[in-house]
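Open the model in your viewer and keep the selection panel at hand. This tour goes stop by stop, with something to select at each one.

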Amino acid sequence: MAQKNKRAAILEAAALSVEQSGAAHLTIDAVAAAAGVSKGGVLYHFPSKQALLEGMLETLLDQIASRTKAYRDANSTAKNVALAARIDEQHDQSPAQKAMGRAILAAAAEDPEMLTPAREEVRMAFKEAAAGSAKAEMGWVLLLAVEGLRFLEMLKLLPLTRVERNRLHLELLELARLHAT
C-alpha cells in the first residue's frame, strides 16, 4: 500500500473508530486495529494523537473544499453559487465526515488552537455568503443555518427525518437563490 493510501486508510479508520466508540475512545491502538496496521505504522504517519486529530481536521477541510468546488464548477452560472455550494456540501456530508467532526470538536474543547486552520475557511465562507446575497445579513443567516445543521447532525441531535431534512435543504437553496445579488 502506498504511503498516501496508508495515511488515508488510517484517517478513515480513525473516523470509523469515533463513529463506533465515540471521540473519547479514540486511541492510537484502536486506530491501528481498525486500519489493520501496527501501532508503529500509525505513529509513523501521526506521531501523536494530536497529530492524528490535526490530520483528521485537515482531511475534513480538504473534503469540504473539494465538494464545494465541485458544486461551484458544475453550477458556475447559478445565482449565489458560493452559498448554494456550501448548502449542498453540508447536505452531502458522509457519516465518516460527521464522525471526524465529533472527534475534532472533542479535541478542540481541550485545545482551541487546534481549530486555527478552520478559522480562515469560516472567514471566507462569511465573506462569500455576504457577497453573493443582496443583503449581507441574509447570506450570513443562511450560512449560520447550514452550519447549525452541520453541528446538529454531527452531534446526532437533529430531530428531522431524512425526508424533512431533504425538504429543508431544497428550501435553503431556494432562499439562497431568492436573495442573490
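Start with a pair on one helix. Select Glu120 and Arg123: they are 3 residues apart in helix H7, so about one helical turn separates them. Bear in mind from the outset that this is a predicted model. Show the side chains. Glu120 and Arg123 form a salt bridge, and their closest N and O atoms are 3.4 Å apart. Glu120 counts as partly exposed, at 45% relative accessibility. Arg123 counts as exposed, at 53%.

**Stop 1: a helix under cover**

Select residues 81-91. This is helix H5, and it is mostly covered: 11 of its 11 residues are buried.

**Stop 2: Arg86 and its partner**

Stay on H5 and pick Arg86. Then pick Glu128. The two form a salt bridge, with the closest N and O atoms 3.5 Å apart. Glu128 lies in helix H7 and Arg86 in helix H5, so the pair ties together parts that are 42 residues apart in sequence. Buried or exposed, is Arg86? Arg86 counts as buried, at 8% relative accessibility. Glu128 is buried as well, with a relative accessible area of 17%; the cut-off for buried is under 20%.

**Stop 3**

Now widen the selection to Arg67 and Glu147. Salt bridges that share partners join Arg67, Glu89, Glu147 and Arg150 into one network. For the whole structure, the count of salt bridges is 12.

**Stop 3: Asp88, a charge without a bridge**

Pick Asp88, also in helix H5. Side chains of opposite charge can pair when their charged atoms come close. Which side chain of opposite charge is nearest to Asp88? Draw a distance to Arg177: the separation is 5.7 Å. A salt bridge needs nitrogen and oxygen within 4 Å. Asp88 is buried and has no salt bridge.

Next, show what surrounds this residue. Leaving aside neighbours within four places in sequence, Asp88 is in contact with Tyr71, His169 and Leu173.

**Stop 4: two helices crossing**

Hide the side chains and show H6 (residues 95-110) with H8. At what angle do H6 and H8 pack? The angle is about 90°, and the axes are 9 Å apart. The two helices are therefore roughly perpendicular to each other. Bring back the side chains of the contact. From H6, select Lys98, Gly101, Arg102 and Leu105; from H8, select Phe151, Glu153 and Met154. Color them by type. The contact divides into 3 nonpolar, 1 polar and 3 charged residues.

**Stop 5: toward the outside**

- Thr77 is in the loop between H4 and H5. It is exposed, with a relative accessible area of 77%. Draw the distance to Met138: the two C-alpha atoms are separated by 20 Å, and the residues are 61 apart along the chain.
- Glu12 is in helix H1 (residues 3-21). It counts as exposed, at 58% relative accessibility. Draw the distance to Lys39: 15 Å in space, C-alpha to C-alpha, and 27 residues in sequence.
- Glu58 is in helix H4. It is partly exposed, with a relative accessible area of 45%. Draw the distance to Leu175: 30 Å in space, C-alpha to C-alpha, and 117 residues in sequence.

Notes: Residues numbered from 1 in each chain as written. Predicted model: local features only at pLDDT ≥ 70, side-chain atom pairs only at ≥ 80, totals over all residues. Heavy atoms only, no water. Buried < 20%, exposed > 50% of the residue type's maximum accessible area, 1.4 Å probe, protein only. Helix = DSSP H or I, 4+ residues; strand = E, 2+ residues; numbered from the N terminus. Axes fitted to C-alpha atoms, helices over the stretch in contact; angles between N-to-C directions. Parallel < 35°, antiparallel > 145°, perpendicular 65-115°, else oblique. Contact = heavy atoms within 4.5 Å. Nonpolar A, V, L, I, M, F, W, Y, C, P; charged D, E, K, R; others polar. Lys, Arg positive; Asp, Glu negative; His and termini not counted.
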